[in-house]
Amino acid sequence: MNNLILLIIFGYFLGSIPFGYLISKTKGIDIRKVGSGSIGGTNVARALGIKWGLLAAILDLLKGVIPVYLAISFLIFNWQIALVAITPVLGHIFPLWLGFKGGKGIATSLGVLFVLLEWKILLILLFVWLLVLAISQISSFSNLLMVSFLPLTLWLSSFSLAYFALGWALFVLTWWAHRENLKRIKEGVEPKIKLKKSI
């Protein structure tokens, strides 16, 4: 139980490190005041260029990988692992350091899935995400469609109620984090991906 509590705390605080915000600050930009206002890799790429956006996305992805890898190493039950798995996503969306106003949680969720899913299943999810993104050119729409498959995907890959619940938790959190994007999609004003040249 001590390991579970420590990993839950660690997962949240690691998840709450706002890498996109910190990277943009080194360039003299408050990413929260640019583009969509998100601290995630997509918005960083819009503002600073693709290499900085990729750096932010990779760091955000690692926020999901590390706690889940540790959870699998030190915990026994799936429900314990699932509890730890949700904490970095919660930290990213509700970071303590930014007044609980963070990013969308997509890269961090992918980090979680990177550990929990077989690589073939993960590749299918990523292919669907990239295909929809290529067609729509709207990152938020691709994100929402991809996470809509998570409850079923995690269930079929594990037949674990704990992971099925984790899939629903990720689904609900992601859709909630994208609520402003949903409004803009309905109004037809959601910006399409236009990346700034690297600085």
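Q: What volume does the second largest pocket have?
A: Start with the general idea: rolling a probe the size of a water molecule over the atoms shows where empty space is left. Here the second largest pocket has a volume of about 310 Å³. A pocket is an open set of points on a 1 Å grid over the protein atoms alone, where a 1.4 Å probe fits, with protein on both sides within 12 Å along at least five of seven lines. The volume is the space filled by probe spheres set on the points. One thing to keep in mind is that this is a predicted model, where local features need pLDDT of at least 70, side-chain atom pairs count only at pLDDT 80 or more, and totals for chains, interfaces and linings use all residues. Residues are numbered from 1 along each chain as its sequence is written, and side-chain values use heavy atoms, with hydrogens and water left out.

Q: Which residues lie nearest the centre of the second largest pocket?
A: Lining residues have an atom within 4 Å of a point. This pocket has 17 of them, and Lys-101, Gly-102, Lys-104, Ala-177 and Arg-179 lie nearest its centre. Helix 10 (161–177) and helix 11 each give two or more residues; helices are DSSP runs (H or I, at least four residues) numbered from the N terminus. Helix 11 has the largest share, 3 residues.

Q: How many residues line the largest pocket?
A: The count is 37, with Gly-41, Thr-42, Ala-57, Trp-129 and Ser-139 nearest the centre. About 820 Å³ of space lies in this pocket. Helix 4 gives the most to its lining, 7 residues. By type, the lining splits into 18 nonpolar, 14 polar and 5 charged residues. In that count, Asp, Glu, Lys and Arg are charged, while Ala, Val, Leu, Ile, Met, Phe, Trp, Tyr, Cys and Pro are nonpolar and the others, Gly among them, are polar.

Q: Is Asp-60 buried or exposed?
A: Asp-60 is buried, at a relative accessible area of 1%. The cut-offs are under 20% for buried, over 50% for exposed, and partly exposed in between (1.4 Å probe, protein chains only). Asp-60 sits in helix 4. Setting aside residues up to four places away in sequence, Asp-60 touches Phe-19, Gly-40, Gly-41, His-92, Ala-107 and Thr-108, where contact means heavy atoms within 4.5 Å.

Q: Which residues touch the most other members of the largest nonpolar core?
A: In soluble globular proteins, nonpolar side chains tend to be buried together. A nonpolar core is a set of buried Ala, Val, Leu, Ile, Met, Phe, Trp, Tyr and Cys residues joined through side-chain atoms within 4.5 Å. The largest one has 32 residues, and Leu-75, Val-112, Leu-113, Leu-116, Met-146 and Leu-166 touch the most other members. Helix 5 gives the most to this core, with 7 residues. Helix 6 is mostly covered, with 9 of its 11 residues buried.

Q: How many aromatic pairs does the structure hold?
A: A pair of aromatic rings is described by the distance of the centres and the angle of the planes. The structure holds 8 pairs. Rings of Phe, Tyr and Trp (its six-membered ring) pair if their centres lie within 6.5 Å; planes under 30 degrees apart count as stacked, over 60 as edge-to-face and the rest as tilted. Tyr-12 and Phe-13 have ring centres 5.4 Å apart and planes at 80°, so they are edge-to-face. Phe-13 is partly exposed, at 36% relative accessibility.
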